[in-house]
Amino acid sequence: ELLAHHNVHQIATPAGLEGRVIILLCTPLPDHPGRSYTITNLYLSSGNSTARRAREIAAIQAAIPPAQYHFLAGDRNFVTEPEDTTGSAPSRDAPDARAWADMAAALDLHEVYQAEKTRYDFPKVKGRHQFRAARLDTIWISHSATDLASFRAVGSIAVTRNNILAVAART
């Protein structure tokens, strides 16, 4: 139903981001009085290169065409809020965090609440395994304050039978 009354156009992928981002522009069919919107799925670079992720975010922002609504989802590979990680405290001043804040402001994006963490690992630190979790996969929407006052968008991860926590508990 989301796409049934819209033409869907894939926007050119920014150079260097092939396989990491897809941007769709959905425009209403001529006989349907809908609104235009974009859907962006992204997978930003992992690792410690905050400057590289900042460049990726700037390229994605430049590629997203104007529309009445924007939906972004995917793996940012960084966090900005302390509650989003059990690891070291994130920095809102890092280049990637600043670039994301700039894009969120430019597109009027608001994060969809999601309680679950989306990445889990058990690294060995000083000879002992430590549990770490982070909420790297997020959903962002550009609904207006009126829209957000009339409903609460909530993200959730589907339950998987063989998730890493269940596997770890059995070992």
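Across which strands does α2 lie, and at about what angle to β4 does α2 run? I looked this up first: α2 lies across β3, β4 and β10 and runs at about 155° to β4. Axes here are lines fitted to C-alpha atoms, for helices over the stretch in contact, and angles run from 0 to 180 degrees between N-to-C directions. Helices (H or I, at least four residues) and strands (E, at least two) are DSSP runs, numbered from the N terminus. Contact means heavy atoms within 4.5 Å.

**Entry: ground rules**

I am working from a predicted model, in which local features need pLDDT of at least 70, side-chain atom pairs count only at pLDDT 80 or more, and totals for chains, interfaces and linings use all residues. Residues are numbered from 1 along each chain as its sequence is written, and side-chain values use heavy atoms, with hydrogens and water left out.

**Entry: overall layout**

I find four helices and ten strands in the protein chain. Along the sequence I read the pattern β-β-β-α-β-α-β-β-β-β-β-β-α-α. Of the 171 residues, 34% are buried; buried means under 20% relative accessible area, exposed over 50%, and partly exposed in between (1.4 Å probe, protein chains only). Among the contacts with a separation of 6 or more, 60% are between residues 24 or more positions apart.

**Entry: the sheet**

I traced an open sheet of six strands in the order β1-β2-β3-β4-β10-β5, with mixed pairing. β1 and β5 (110-111) stand at the edges with a single partner strand each, so one side of each has no neighbour in the sheet. Two strands count as paired if DSSP finds at least two bridges between them.

I then went through some of the pairings. β1 (residues 6-11) and β2 (residues 21-28) are antiparallel and share six bridges; H9 has L25 in β2 as its bridge partner. β2 and β3 also run antiparallel, joined by six bridges, and I22 stands opposite N41 in β3.

**Entry: helix α1 and P95**

I noted that α1 (residues 50-63) lies across β1, β2 and β3, at about 20° to β2. Next I checked P95, which is found in helix α2. P95 counts as partly exposed because its relative accessibility is 29%. Leaving aside neighbours within four places in sequence, P95 is in contact with T50, A51 and A54. The C-alpha atoms of P95 and R55 are separated by 8.8 Å, and the two residues are 40 apart along the chain.

**Entry: aromatic rings**

Rings of Phe, Tyr and Trp (its six-membered ring) pair if their centres lie within 6.5 Å; planes under 30 degrees apart count as stacked, over 60 as edge-to-face and the rest as tilted. I get three aromatic pairs by this rule. Y37 and F71 form an edge-to-face pair, 5.8 Å centre to centre with 85° between the planes. This pair links distant parts of the chain, with Y37 in β3 (residues 37-43) and F71 in β4 (residues 69-75), 34 residues apart. Y37 is buried because its relative accessibility is 6%, whereas F71, at 26%, is partly exposed.

W100 and W140 form another edge-to-face pair, with 5.5 Å centre to centre and 65° between the planes. W100 is in α2 (residues 95-107) and W140 in β10 (residues 137-141), so the pair ties together parts 40 residues apart in sequence. W100 and W140 are both buried. Ring pairs link F78, W100 and W140 into a cluster.

I also looked for charges over these rings, where NZ of Lys or CZ of Arg must be within 6 Å of the ring centre and within 35 degrees of the ring normal. The charged end of R76 sits over the ring of F78, 4.5 Å from its centre. The charged end of R76 also sits over the ring of W100, at 5.0 Å from that centre.

**Entry: S142**

Which backbone nitrogen does the side chain of S142 reach? I find that of H70, at 2.6 Å. S142 lies in the loop between β10 and α3 (145-150), and counts as buried because its relative accessible area is 8%. Not counting residues up to four places away in sequence, S142 touches Q68, Y69, H70, L107, D108 and L109.

Note on methods
A polar contact is a pair of N or O atoms within 3.5 Å; within protein, one must be able to donate a hydrogen and the other to accept it, and residues adjacent in sequence count only if both atoms are side-chain atoms.
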